[in-house]
Amino acid sequence: MQPVMTLDEIHDFLDREFPQIHMDGRVLEITDVRPAGLTMRFDPADRHLRPGATISGPAMFMLADVAAYAAILAHVGPVALAVTTSLNINFLRKPKLAPLFCDCRVLKLGKRLAVIDTVVTQGKAEEPVCQATATYSIPPP
């Protein structure tokens with residue numbers, strides 16, 4: 001499963017069609033696009049913290065969802081109306097205020113549905129801070 005969009009093409013598409021992800025500043029950046037996968041970096045700010053000085057669950061959910069969407073775009077092309085139909089997330093460890101990396105793997109890419117596995121890590125840690133499985137509906141051409 002080869003990508004049909006480059007890293008720059010995906011960034012341009014997101015900037016044009018989904019500008020609200022940058023409303024509070026640019027905190028998301030795609031760092032790698034590869035066959036059946038993509039990696040996105042998230043640079044959290046104080047607004048992404050919850051009590052206890054850990055990155056909030058909603059911020060990690062946003063990362064997993066946007067990264068999975070970008071992985072689908074990379075492999076089907078610029079389809080603005082692909083939408084999340086299900087996202088199940090498991091919070092595994094307490095991340096500190098430092099960059100997170102979301103590694104996406106396309107598990108299934110059908111005509112109408114895509115399933116993406118995401119693993120979020122921090123720094124050089126081998127152990128994930130969260131894992132999510134996302135299902136997206138792809139509109140007909």
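Leaving aside neighbours within four places in sequence, His 22 is in contact (heavy atoms within 4.5 Å) with Asp 15 and Leu 28. The model is predicted, so local features need pLDDT of at least 70 and side-chain atom pairs count only at pLDDT 80 or more, while totals for chains, interfaces and linings use all residues. Residues are numbered from 1 along each chain as its sequence is written, and side-chain values use heavy atoms, with hydrogens and water left out.

His 22 lies in the loop between helix 1 and strand 1; helices (H or I, at least four residues) and strands (E, at least two) are DSSP runs numbered from the N terminus. Val 27 is placed in the loop between helix 1 (7–17) and strand 1 (28–34). Buried means under 20% relative accessible area, with a 1.4 Å probe and protein chains only.

| Residue | Relative accessibility | Class |
|---|---|---|
| His 22 | 15% | buried |
| Val 27 | 9% | buried |

Not counting residues up to four places away in sequence, Val 27 touches Arg 41, Phe 42, Asp 43, Arg 47 and His 48. Pro 139 is 112 residues from Val 27 along the chain, and their C-alpha atoms are separated by 28 Å.

Gly 77 follows helix 2 and has a positive phi, near 100°.

Key
Buried means under 20% relative accessible area, exposed over 50%, partly exposed in between (1.4 Å probe, protein chains only).
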